[in-house]
Amino acid sequence: MHLTYIEQGASWPAQLQQAKCAYLPKTDEPSTDPMNYRGLTILSALYRTWAKLRLRQLDGWIKSWAREELHAGLKG
């Protein structure tokens, strides 16, 4: 299946609609509280590559409105 078909409205193949999630602890202490873990979603390489290419196409548009004050906590 070509990604062009997907962009025209076709469904993503079932294999690409699944992801794995790794749970990373937020603290050094072991915990049984699920809120003490951060989920890291791992998507297929094909989907990640497609998303990266599409995001690059938005660079010019984003630069037209993005301002430094919109980036919280990233000042050097």
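**Arg54**

I started with Arg54, which counts as partly exposed because its relative accessibility is 35%. I was working on a predicted model throughout. I placed Arg54 in helix H2. I then took the C-alpha to C-alpha distance from Arg54 to Ser64 and got 17 Å, for two residues that are 10 apart in sequence.

**Salt bridge**

Next I asked which side chain meets that of Arg54 in a salt bridge. I found Glu7, with a distance of 2.7 Å from N to O. Glu7 belongs to helix H1 (residues 3–7) and Arg54 to helix H2 (residues 45–57), so the pair ties together parts that are 47 residues apart in sequence. I noted the general point that side chains of opposite charge can pair when their charged atoms come close. I looked up the accessibility of Glu7 as well: the value is 41%, so Glu7 counts as partly exposed. My count of salt bridges came to 1.

**Aromatic pairs**

I searched the whole structure for aromatic pairs and found 4. For Trp50 I noted a relative accessible area of 21%; buried would need a value under 20%, so Trp50 is partly exposed.

The other pair I recorded is Trp61 with Trp65, whose ring centres lie 5.4 Å apart. Trp61 and Trp65 are separated by about one helical turn, because they are 4 residues apart in helix H3.

I also checked which residues the ring pairs link into a cluster. The members I listed are Trp12, Tyr47 and Trp50.

**Nonpolar surface patch**

I came back to Trp61 and Trp65 when I looked at the surface. Together with Leu55, Leu58 and Leu70 they form a nonpolar patch there. I noted about 550 Å² of accessible area for the five residues together.

I then went through some of the members one by one. Trp61 has 54% relative accessibility, so I marked Trp61 as exposed. Trp65 has 40%, so Trp65 counts as partly exposed. I found Leu70 in the segment after helix H3 (59–65). At 53% relative accessibility, Leu70 goes down as exposed.

**Ser31**

My last entry is on Ser31, which sits in the loop between E1 and strand E2 (37–42). Is Ser31 buried or exposed, or does the residue fall in between? I have the relative accessibility at 22%, so Ser31 counts as partly exposed.

I looked up what Ser31 touches, leaving out residues up to four places away in sequence, and found Asn36 and Tyr37. With Asn36 there is a polar contact of 2.7 Å between the two side chains. I also noted that the side chain of Ser31 reaches the backbone nitrogen of Asp33 at 3.0 Å.

Finally I took the distance from Ser31 to Ile62. These two residues are 31 apart in sequence, and I have them 40 Å apart in space, C-alpha to C-alpha.

Note on methods
Residues are numbered from 1 along each chain as its sequence is written. This is a predicted model: local features need pLDDT of at least 70, side-chain atom pairs count only at pLDDT 80 or more; totals for chains, interfaces and linings use all residues. Side-chain values use heavy atoms; hydrogens and water are left out. Patches are made of residues with over 30% relative accessible area and no salt bridge: like charges are joined within 9 Å, nonpolar side chains (Val, Leu, Ile, Met, Phe, Trp, Tyr) within 5 Å. Accessible areas come from the Shrake-Rupley method with a 1.4 Å probe; for residues, only the protein chains shown count as cover. A salt bridge is a side-chain nitrogen of Lys or Arg within 4 Å of a carboxyl oxygen of Asp or Glu. Helices (H or I, at least four residues) and strands (E, at least two) are DSSP runs, numbered from the N terminus. Buried means under 20% relative accessible area, exposed over 50%, partly exposed in between (1.4 Å probe, protein chains only). Rings of Phe, Tyr and Trp (its six-membered ring) pair if their centres lie within 6.5 Å; planes under 30 degrees apart count as stacked, over 60 as edge-to-face and the rest as tilted. Contact means heavy atoms within 4.5 Å. A polar contact is a pair of N or O atoms within 3.5 Å; within protein, one must be able to donate a hydrogen and the other to accept it, and residues adjacent in sequence count only if both atoms are side-chain atoms.
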